[in-house]
Amino acid sequence: MPLPASAVTLSAATIPRYAPVLLTALGLYAVVQVLVPLRHFTYPGDVHWTEEGHHFAWHMMLRSKTGSITYRVVLPNGRIETIAPTAYLTPRQYSKLIGQPDCILQFAHFLAADYARRGLGPVQVYADSYVQLNQRPVRPIVAPTVNLAAQPRTLQPYTWITPAPPLK
């Protein structure tokens, strides 16, 4: 049976002009979704200890950290004040601070800025941290002799993070 003369004829499918841009954007998105979780392989040391490259990774719940931390603030006149982070943070914030060197650094910067705001700066800020990773021996997670107020936040590996404790 022949088609009526008023029937619409189908032409070959046309590809929209924006298709290459869309495919490129989707491809880049897919590459980012694969590479960002794998970036921890570019950092030295145990990622469960250093936390470098740990955020947005695929192995989030593979470690347990407990411990404690206090800060030593050295004033320009040489006086040393010991700061308990619990005076500034909620219990949940404190529990996150203990095992995450980047958070330890951020809080040191916060303390330095707080002292400067009160007219007591510039100060040096040191952390006395004792952390246990997955039932390994307790040890400092950051070097207690490093002035954290002078350390920049960066994506490069932090040299002031101590090596992970050995397995039992």
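1. Basis. The model is predicted: local features need pLDDT of at least 70, side-chain atom pairs count only at pLDDT 80 or more, and totals for chains, interfaces and linings use all residues. Residues are numbered from 1 along each chain as its sequence is written, and side-chain values use heavy atoms, with hydrogens and water left out.

2. Strands S1 (residues 65–74) and S2 run antiparallel and are joined by 4 bridges; strands count as paired if DSSP finds at least two bridges between them. Strands (E, at least two residues) and helices (H or I, at least four) are DSSP runs, numbered from the N terminus. The hairpin has 5 residues between S1 and S2, and Gly78 in the turn has a positive phi of about 95 degrees.

3. Faces of S2. Buried means under 20% relative accessible area, exposed over 50%, and partly exposed in between (1.4 Å probe, protein chains only). Opposite Glu81 stands Val73.

4. Aromatic pairs. The whole structure holds 5 aromatic pairs. In one of them, Tyr71 and Phe107, the ring centres are 5.2 Å apart and the planes lie at 50 degrees, so the pair is tilted. This pair links distant parts of the chain, with Tyr71 in strand S1 and Phe107 in helix H4 (residues 101–117), 36 residues apart. Rings of Phe, Tyr and Trp (its six-membered ring) pair if their centres lie within 6.5 Å; planes under 30 degrees apart count as stacked, over 60 as edge-to-face and the rest as tilted.

5. Surface patch. Val31, Val34, Leu35, Leu38, Phe41 and Trp58 make up a nonpolar surface patch with about 640 Å² of accessible area together. Such a patch takes residues with over 30% relative accessible area and no salt bridge, nonpolar side chains (Val, Leu, Ile, Met, Phe, Trp, Tyr) being joined within 5 Å and like charges within 9 Å. A salt bridge is a side-chain nitrogen of Lys or Arg within 4 Å of a carboxyl oxygen of Asp or Glu. Areas come from the Shrake-Rupley method with a 1.4 Å probe; for residues, only the protein chains shown count as cover. Leu35, in helix H1 (residues 19–35), is exposed at 51% relative accessible area.

6. Loop residue. Tyr43 is in the loop between H1 and helix H2 (47–50) and is buried, at 16% relative accessible area. The C-alpha atoms of Tyr43 and Pro157 are separated by 6.3 Å, although the residues are 114 apart along the chain.
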